[in-house]
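User: Hi! I'm new to reading protein structures. Could you walk me through this one?

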Amino acid sequence: MTKRKGKPVSFDAMVKFFMHNYNIPTKRDIEGLNDRIDRLEKLIKAMLPTARRSASKSDSAHPANATETVLELIKRNKNGIGVSQIREQTGYDDKKLRNIIFRLNKIEKIMRVRRGKYKAME
């Protein structure tokens, strides 16, 4: 048998080697991340009341959701408006716009003037 040369490697050193080489987080790393998350949550909570106040003030000026946005746009155009014009002004994709128009038509808020053109019900 040949004799082993050098110092024996301790188990702790081996664990540290693998953790370092395979980017395994340590307890200290996890605690650091938790601290950062806690700080971010506090910042978000601190910002919420101001966001709510500004949102409540702007509710009267701006529609609350996409359906109301599209309905307001259609109401502003007395002779009707095309889907392409709605898409340009809102920036919504085709699928979202088709679903909104279908819903508004179903609840009889808008009516179809001709293919691709809608106007608000009086």
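Analyst: Happy to! Let's start at a loop: asparagine 23 lies between helix H1 (11-21) and helix H2 (27-58). Helices (H or I, at least four residues) and strands (E, at least two) are DSSP runs, numbered from the N terminus. This is a predicted model, where local features need pLDDT of at least 70 and side-chain atom pairs count only at pLDDT 80 or more, while totals for chains, interfaces and linings use all residues. Residues are numbered from 1 along each chain as its sequence is written, and side-chain values use heavy atoms, leaving out hydrogens and water.

User: Is asparagine 23 buried or exposed?

Analyst: Asparagine 23 counts as exposed, at 66% relative accessibility. Buried means under 20% relative accessible area, exposed over 50%, and partly exposed in between (1.4 Å probe, protein chains only). Asparagine 23 also has a positive phi of about 50°, although it is not a glycine.

User: How many bridges join S2 to S3?

Analyst: Four bridges join strand S2 (residues 110-114) to S3. Among the facing residues, isoleucine 110 has alanine 120 as its bridge partner, and arginine 112 stands opposite tyrosine 118. S2 and S3 form a hairpin with two residues between them, and glycine 116 in the turn has a positive phi of about 80°.

User: And S1?

Analyst: Strand S1 (residues 81-82) pairs with strand S3 (residues 117-120) over two bridges. Here glycine 82 stands opposite lysine 117.

User: Which residues touch the most other members of the largest nonpolar core?

Analyst: Those are Val70, Ile74, Ile86 and Ile110, in a core of 15 residues. A nonpolar core is a set of buried Ala, Val, Leu, Ile, Met, Phe, Trp, Tyr and Cys residues joined through side-chain atoms within 4.5 Å.

User: Which element gives the most to this core?

Analyst: H3 does, with five residues.

User: What does valine 70 touch?

Analyst: Not counting residues up to four places away in sequence, valine 70 touches Ile86, Tyr92, Leu97, Ile100 and Leu104. Contact means heavy atoms within 4.5 Å.

Methods
Pairing = 2+ DSSP bridges.
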